[in-house]
Amino acid sequence: MILVLIFAHMRHSFLLTVFLAAAPALCAPVAAQQFVAETDVREVALGESVELRYVLHDAQADRFTPPNAFSGFQLLMGPTEMRSSGFRNGQTYRFQSWTYVLRPTRPGKYTLPTASVRVQGRTLRCDPVVVTVVQGRPPGAAAPASDEAVFLQAELSPAEVYEGQQAIYRVVLYTRQEVSDAAMVQAPDFGAHYHREMDRFDTRTRTLEHAGKTYAVRTLYQEALFPASSGHDTVGPAVLQLGVEQPSRFRGLTIPVPVTLQTQPLPFAVRPLPPAPPDFSGAVGRYVLEATLRNNQAPAGEAALLTVTLRGNGDPRRLRAPLLTAPAGLDIPEPEVIRQEDYENGAEWVHERTLQYVVPARTPGRYALMPQLVYFDPDSSRYVTCTAPDTLYLEVTPARAQPTATTDPDPGAPPPDRRLLWAALAALPLVAAAVWYLLRRRRKPAPGPAPEHMQADALQRKWHEAHRLLPADPPVFCNALLQALQAQAGAQLDIPLADLTKPAIRRRLAAHPDGTAAADALFQLWETCEQVAYAGLPVPGRASDLWEKAQAVRKSLQKLG
């Protein structure tokens, strides 16, 4: 009987261990579903076009309800539906979008209509987008001053921004000849303004009429710019080297000739913010706030947990914690930041911050909790108060009754069964004999490899797997090569894969003289593998060249790690 109990205890311990191991995955937070409207530009000239995208993040729509008529615009194309998925910060993500191409019909400031989607029984509606239509080209996208067959143009959208507002700087290529192998020689100088480089997954080419000639136009480089102060400033020129196809001595054949081009210096204006209210959070842009109360009922003397998530597209360094007015009877301390993430959504940089408030419950009663975020909206040029969709209520109940300790036996309790006690004592020699027999038969296991050797072996297997897939389909090979690069960077720089981001890698390599060059080489190869594996782009050159570059990056990481 004792042996049966021991076996049952071991079986339940094993099941408990399996459950605890799986608990983090089961309790992991689900990515927030978000439906937003986006445009490629906020200022457009008559005769040009603008793309309007309705994007659903981290979900799949059951039904899409299109917008009403576009006042002030002519519909050229749409909606075009697209679904995509990718890999970001160690996690997969997906989005679904509906794209319209519009052409303005008259100058003015227009609010584009909203749309809605149906997701798992819920209706999500996006916020409207404001677009300004001007008579000529926007100031930040002045008409090209060149009639060359190939030239570059710097553009900024919008051209006039507020402090802390996000603007997109682009290097645009205009060409009437085939161009290949574009590489950045000198990045633009943004001065003291905060900026973030953006991945360019959209490589589509559009056509534009200029000086009676038709040009193929595409974006080669883009950066998110967050002006730090008001006034007038200039983005320095960007220098790129391109391979322009030229006729060879053989009829019908062309060869790439290296050509170095640069953009014009791009002036821009930064407007100061109007006088701010006392509870202004410092955020400038578009923001949403979500709030949840972990336990909406707590006894007096205990505490409840309030979680607030902020998501927006302004300068993340300016954002402060939202205002949370404490009702009488509650004393709420400053929150703790438990999660922070910056990422791209295909059109702009977005930052997300999750804060946790510990709400002590002191006096019984019912309390309303309404966190508020006051931010400046550049589209309407006014301060906006953002709150959670629903008011949260905390019910504070009377304190729990404390049990009194006593040493007197319960007179109503049944007497102990002494037969079970004698049976257990009688089985003790048998249990001791079984334990002695198992210990005699147990062999001493051979010493296993050290954790460092195990990590090195796993890393080596990733590189072998990537090399084995070199002749395979390019997306499969690039996916394996990307995993090997990320594992190498995490191992050499002692960064967990879940925290393996570009800013974390740059901070770790900043102490080395050659750290910047190593980080640039790693990120360039990283982005190439992501574009081939997840965006369906072709391999630039040969796959064997990617492998050789990866080996060079691997050696530099081993040297600096």
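Predicted model: local features only at pLDDT ≥ 70, side-chain atom pairs only at ≥ 80, totals over all residues.
Entry on ring pairs. I looked up the aromatic pairs, counting rings whose centres lie within 6.5 Å, and the count comes to 18. I then took up Tyr174 and Tyr215, whose ring centres are 6.3 Å apart and whose planes stand at 75°, so I noted the pair as edge-to-face. Because Tyr174 lies in strand β13 (residues 167-175) and Tyr215 in strand β17 (residues 213-226), this pair ties together parts that are 41 residues apart in sequence. I also checked accessibility, and both Tyr174 and Tyr215 are buried.

Entry on charges over rings. I looked at Arg366 and found its charged end over the ring of Tyr393, at 4.0 Å from the ring centre. For Lys502 I noted a position over the face of Phe523, at 5.8 Å from the centre of that ring.

Entry on a sheet. I traced an open sheet of four strands, in the order β23-β25-β27-β26 and with antiparallel pairing. Its edge strands are β23 (287-293) and β26 (336-344), each of which pairs on one side only. On average, neighbouring strands of this sheet are turned by 15° against each other, with direction ignored. Within the sheet I followed β25 (residues 303-312) and β27 (residues 349-360), which run antiparallel and are joined by ten bridges. Which residue of β27 is the bridge partner of Thr307? I found that Thr307 is partnered by Gln356.

Note on methods: Residues numbered from 1 in each chain as written. Heavy atoms only, no water. Phe/Tyr/Trp six-rings, centres within 6.5 Å; stacked < 30°, edge-to-face > 60°. Helix = DSSP H or I, 4+ residues; strand = E, 2+ residues; numbered from the N terminus. Buried < 20%, exposed > 50% of the residue type's maximum accessible area, 1.4 Å probe, protein only. Lys NZ or Arg CZ within 6 Å of the ring centre and 35° of its normal. Pairing = 2+ DSSP bridges. Axes fitted to C-alpha atoms, helices over the stretch in contact; angles between N-to-C directions.
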